[in-house]
Amino acid sequence: MTQDASHQPYGTPEVPRVAVRGEARIEVDPEIARIGITVNARGTDRRSALEDLTRRNNAVLDLVKSYGEPVEKLETGAFSITPELTRHGRGERVRAYHGRVHITAELNDFTTLGELTTRLADLELTQVDGPWWALRPTSPAHGQARRQAVLEAVQRAREYAEALGARLAALVELADLGAENAVPFQAAAPGAGMRTMAFSGSEDAGAPALDLEPQRQTVYAQVNARFTMTPPEL
C-alpha cells in the first residue's frame with residue numbers, strides 16, 4: 001500500500017513538490033510618533049524639590065493635554081527624588097535634592113508634534129527626546145506586505161514548475177515566518193527607523209515650531225510555501 005503524496009515530505013515522482021520562500025518589503029509613511037519628556041527639579045530640602053517637581057510636571061501634562069485629539073497617549077514613567085551629598089567635616093550631609101519624572105507622549109499629527117516639541121523644550125529644566133516614528137500594530141501596511149509575500153511565493157513556485165514543463169497542482173503548506181515593522185519602537189536602535197534628537201529647556205520665548213520630516217517605515221513579510229505540481233517533462 002502506497003502512502004498518499006500529501007503525507008510525503010518530499011513528494012513522489014508522480015506528485016512532485018516544490019518549496020519556495022516568498023518575501024515582501026514595502027515602505028510607508030509613519031502613523032504615529034512618540035516623544036520622551038524628562039522633567040527635572042532641584043530643592044534645598046526634599047519638600048521643596050517635590051513641590052517644584054509637581055509644579056513642573058503638572059505644567060507639562062497640561063500643555064500636552066491642551067492639544068486634544070492629536071495626542072493619542074500620555075503616560076508617566078519613572079519618578080525619582082535623589083539626595084545630593086557633600087562632604088562636611090568627617091561625615092556627609094545632604095546638600096540638595098534632585099527630582100525627576102519621565103513622561104511619554106504619542107501623537108498622530110506631525111505638525112502638532114513639531115509645535116509641541118518646541119514648546120516643551122522651551123520649558124525650564126525640561127528635556128525632550130525623540131521623535132520615534134512607528135506604525136500601529138493594526139496598520140493595513142502589515143497585511144499588504146503579507147499578501148505580497150504570498151503572491152511572490154506563488155509566482156516563484158510557478159516559474160520553477162514551468163521551467164520543468166509542469167504546472168502547479170495544489171498548495172500543501174504555507175508557513176508564516178513573521179510579518180512585522182522591521183524596526184519596532186521598543187526594540188529600535190538609535191538611527192534605525194527613527195530620528196532622535198534631544199532638546200533642553202531654554203529661557204528664549206516664542207521659539208518657532210520645529211519642521212520635522214517623518215521617517216518612512218519599512219514593513220517586511222516572509223513566508224515558506226510548499227506546492228505539489230504535475231509530473232515534469234524531463
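Throughout these legends, a residue is called buried when its relative accessible area is under 20%, exposed when over 50% and partly exposed in between, calculated with a 1.4 Å probe and protein chains only. The structure is a predicted model, in which local features need pLDDT of at least 70 and side-chain atom pairs count only at pLDDT 80 or more, whereas totals for chains, interfaces and linings use all residues. Residues are numbered from 1 along each chain as its sequence is written, and side-chain values use heavy atoms, with hydrogens and water left out.

**View 1. The aromatic pair of Phe110 and Trp133.** Rings of Phe, Tyr and Trp (for Trp, the six-membered ring) pair if their centres lie within 6.5 Å, and their planes count as stacked when under 30 degrees apart, edge-to-face when over 60 and tilted for the rest. One aromatic pair is found by this rule. Phe110 and Trp133 form this pair in an edge-to-face arrangement, with 4.9 Å centre to centre and 85° between the planes. Because Phe110 lies in helix 2 (residues 110–121) and Trp133 in strand 5, the pair ties together parts that are 23 residues apart in sequence. Trp133 counts as buried because its relative accessibility is 1%, and Phe110 is buried too, with a relative accessible area of 19%.

**View 2. Strand 5 and its pairing with strand 2.** Helices (H or I, at least four residues) and strands (E, at least two) are DSSP runs numbered from the N terminus, and two strands pair if DSSP finds at least two bridges between them. Strand 2 (residues 32–43) and strand 5 run antiparallel and are joined by seven bridges. Within this pairing, Arg34 has Trp132 of strand 5 as its bridge partner. Strand 5 (residues 126–134) is mostly covered, with eight of its nine residues buried.

View 3. Contact in general means heavy atoms within 4.5 Å, and, leaving aside neighbours within four places in sequence, Asn40 is in contact with Leu53, Arg56, Gly99, Arg100 and Leu125. Asn40 counts as buried because its relative accessibility is 19%.

**View 4. Thr228 in strand 8.** Thr228 is found in the strand that covers residues 217–229, and this residue is buried, with a relative accessible area of 10%. Beyond its neighbours within four places in sequence, Thr228 is in contact with Val15, Pro16 and Arg17, and also with Leu168, Ala169, Ala170 and Val172.

View 5. The predictor's confidence in each residue is given as pLDDT, from 0 to 100; the mean for the chain is 84, and 81% of its residues reach 70 or more. Where pLDDT is low, the predicted coordinates should not be read in detail.
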